[in-house]
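Please read the sequence and look at the structure below.

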Amino acid sequence: MIEIESLSKRYGELTVVDAVDLIIPKGSITAIVGTSGSGKSTLLRMINRLIEPSSGQVRIDGRLTTSEPAPALRRRIGYVIQGNGLFPHRTVAENIATVPQLLGWEPARIAARTEQLLTLFGLDPAIHARRLPAELSGGQQQRVGVARALAAGPSVLLMDEPFGALDPIIRAKAQEDLRTIQRQLGTTVVIVTHDMEEAFLLADRIAVLDNGKLLQHDVPARLLTHPAHPQVMALTGTTDRALRLLSLESTAAIVTAGEVSGPDLPASMSLREALSALIWAGATAGNVLDAHGQRSGHVTMQAILTRGSAAR
Amino acid sequence: MKASGVIRVGVWGLLIAFLLKPQVFAPAFAPLTQHDAPAIYDQGDLATLAWAHLGLVLTATSLSALLAIGLAILVSRGPGRAFLPMSRSLVGIGQTFPPVAVLAIAVPLVGFGIKPTLIALVAYGLLPIFENSLTGLSQVPASVLEAADGAGMSPIQRLWSVELPLARPLMIEGLRQTLVISVGTATLGSTVASQGLGEVIIAGLLSDNSAFVLQGGLITGLMAILLHDAVGLIAQRWQRPVQ
Ligand SMILES: Nc1ncnc2c1ncn2[C@@H]1O[C@H](COP(=O)(O)OP(=O)(O)O)[C@@H](O)[C@H]1O
Ligand SMILES: [Mg+2]
């Protein structure tokens, strides 16, 4: 858990982060969103003290971040930035080993951990471990960047627009991988993004910053149904908010008993995708398939449409 | 062996042979002498002089490198940045001030011999190493530095394991330039009684013996070329460590 308490950053007269209070639950993904220059990166970097706050404090798992030297704190926190910042003169394996090495792990333990992470991120240790970053594709470099951040098993992972430089297809894959790995490891993730699509896709909770002030911190659906500020509505957009709302729930959430004639819809499918599938099939209802591929009930188009309404 | 390797071995062989058995080459230099003057420098042992010359150059370049790299590190970070323009000018003066003038000023202060020569060479050699080191250090991408800080490296760890390795190719380039400049400049040391190859050239000028002048020049030139080449070789090995 990360507890941020009236955290501020001022540069002379300019207040870049303004008395932000924020509690980030353990094991969740929180997205910090806002327009460019709203203070997202500054807020994020105050968590690992790459930027020292002007006032306020941060606790991680109950412990003040100022209770130890900054380098020691940062070794316990994963950090991923846009453009990945891999060390160009070090091999992939050496890059991943950075923090374990700083922590003085045994070489055998480092080697085992490096191999494990490469495999976890879909890179073959035999092929990729000894390559230099420049010899990898952009998507692979980005994965190595995340692997490096996770190498020493941090409980907190901070990410500053980590997927910003990737093309759409690779970005979608990277987002999916992040979610999988985060669920698997139970890491608390804070991700800065200006891409609302990404925030809605990944985040359990979204924090909206504007001019250094926290406007709203809530689950994604409530940002749409109960925006705390006109700026929140402007940011989430109003033209496709019904569809966005539907994208936040899966068919499993509204399944009702009984079989109908219509297409099969996996239980993991979002309502938005289910709606699209129904429109495409020219059907008004479809059967929900559980994780084992068994029909567990059905959803109707009417039920989906109701979930997308502000008055639900 | 590649052609470059053959040439390299050839040039080394030529230099060593000339230093150890200079009399063998006497017929080649004889046409340059007049009135039966000796064709090969006879007021001292060429190998000893070359060795002393090399020692002087290596010492001076090492001192230049220590000062220039140290200064570049200091003024490229934190509060040291304020001193960047001043250090640039100082180092620049070191190069624009003629070494002969430095010698003239240094001798009354530290006496004749190797000391004034070292001072002149060190001052003259700072600039290439300093400027190249600065460029090398400033070329490290901001994202790489941020990642190093974010991973929990201390400033010293970041400098040692990220910044210096990435700046190294340019630093070595500066070192190379300084080495070559110093080999030539060090001949001036002989005017203030510092042992070196300048003696051969000066003896030739004083006794109007072009053979001496040419010998001194040739040995110095070969030394510069070989040092330039050797640094390149060492740097190459260093950049690609065997895994
Ligand atoms: N060192 C600094 N000095 C002065 N202003 C700064 C400094 N760093 C950031 N800022 C300003 O703080 C504001 C927020 O920056 P940042 O946190 O990077 O925004 P975001 O990540 O949301 O785009 C910007 O207006 C930026 O210009
Ligand atoms: Mg930013």
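How far is an oxygen atom of ligand 1 from a polar backbone atom of A:K40? The distance is 2.9 Å. This value, like the others here, comes from a predicted model. The model has an ipTM of 0.89 and a pTM of 0.89. For chain B, the average pLDDT is 92, and 98% of the residues score at least 70.

**The ligand site**

| Residue | Part of the residue | Distance to an oxygen atom of ligand 1 |
|---|---|---|
| A:G39 | polar backbone atom | 3.0 Å |
| A:K40 | polar backbone atom | 2.9 Å |
| A:T42 | polar side-chain atom | 2.5 Å |

On its own, ligand 1 has 560 Å² of accessible area, and the protein covers 57% of that area. Two elements of chain A give two or more residues to the shell around the ligand: strand 2 (14–24) and helix 1 (40–47). Helix 1 of chain A provides the largest share, three residues. The residues around ligand 1 include A:Y11, A:L14 and A:V16, and also A:T35, A:S36, A:G37 and A:S38.

**The nonpolar cores**

The largest nonpolar core consists of 42 residues, and A:M159, A:I191 and A:I206 have the most contacts inside it. Helix 7 of chain A, residues 138–150, gives the most to this core, namely five residues. Another core lies apart from it and has 35 residues, including A:V17, A:M46, A:I60 and B:V144.

Which residues does A:I191 contact, leaving aside its neighbours within four places in sequence? They include A:I29, A:T30, A:A31 and A:I32. A:M159, A:P162, A:F163 and A:L178 are also in contact with A:I191, as are A:E198 and A:L202.

B:H53 is part of helix 3 of chain B, which covers residues 46–75. Is B:H53 buried or exposed? B:H53 has a relative accessible area of 0%, so it counts as buried. Not counting residues up to four places away in sequence, B:H53 touches B:V183, B:A186, B:T187, B:Q195, B:G196, B:L197, B:G198, B:T220 and B:M223.

B:A120 belongs to helix 6 of chain B, residues 114–138. Its relative accessibility is 5%, and B:A120 therefore counts as buried. With residues up to four places away in sequence left out, B:A120 touches B:P99, B:V102 and B:L103. B:A101 is 19 residues from B:A120 along the chain, and the C-alpha atoms of the two are separated by 8.6 Å.

**Two residues with a positive phi**

A:E161 is not a glycine, yet it has a positive phi of about 45°. This residue sits in the loop between strand 7 (156–160) and helix 8 (168–185) of chain A. B:D208 is not a glycine either, and its phi is positive at about 55°. B:D208 is found in the loop that runs between helix 9 (198–206) and helix 10 (210–239) of chain B.

B:D208 counts as exposed because its relative accessibility is 62%, over the limit of 50%.

Technical notes
Residues are numbered from 1 along each chain as its sequence is written. Chains are lettered from A and ligands numbered from 1 in the order in which they are written. This is a predicted model: local features need pLDDT of at least 70, side-chain atom pairs count only at pLDDT 80 or more; totals for chains, interfaces and linings use all residues. Side-chain values use heavy atoms; hydrogens and water are left out. A nonpolar core is a set of buried Ala, Val, Leu, Ile, Met, Phe, Trp, Tyr and Cys residues joined through side-chain atoms within 4.5 Å. Buried means under 20% relative accessible area, exposed over 50%, partly exposed in between (1.4 Å probe, protein chains only). Helices (H or I, at least four residues) and strands (E, at least two) are DSSP runs, numbered from the N terminus. Contact means heavy atoms within 4.5 Å. pLDDT is the predictor's confidence in each residue, from 0 to 100. A residue is near a molecule or strand if one of its heavy atoms lies within 4 Å of it. A polar contact is a pair of N or O atoms within 3.5 Å; within protein, one must be able to donate a hydrogen and the other to accept it, and residues adjacent in sequence count only if both atoms are side-chain atoms. Accessible areas come from the Shrake-Rupley method with a 1.4 Å probe; for residues, only the protein chains shown count as cover.
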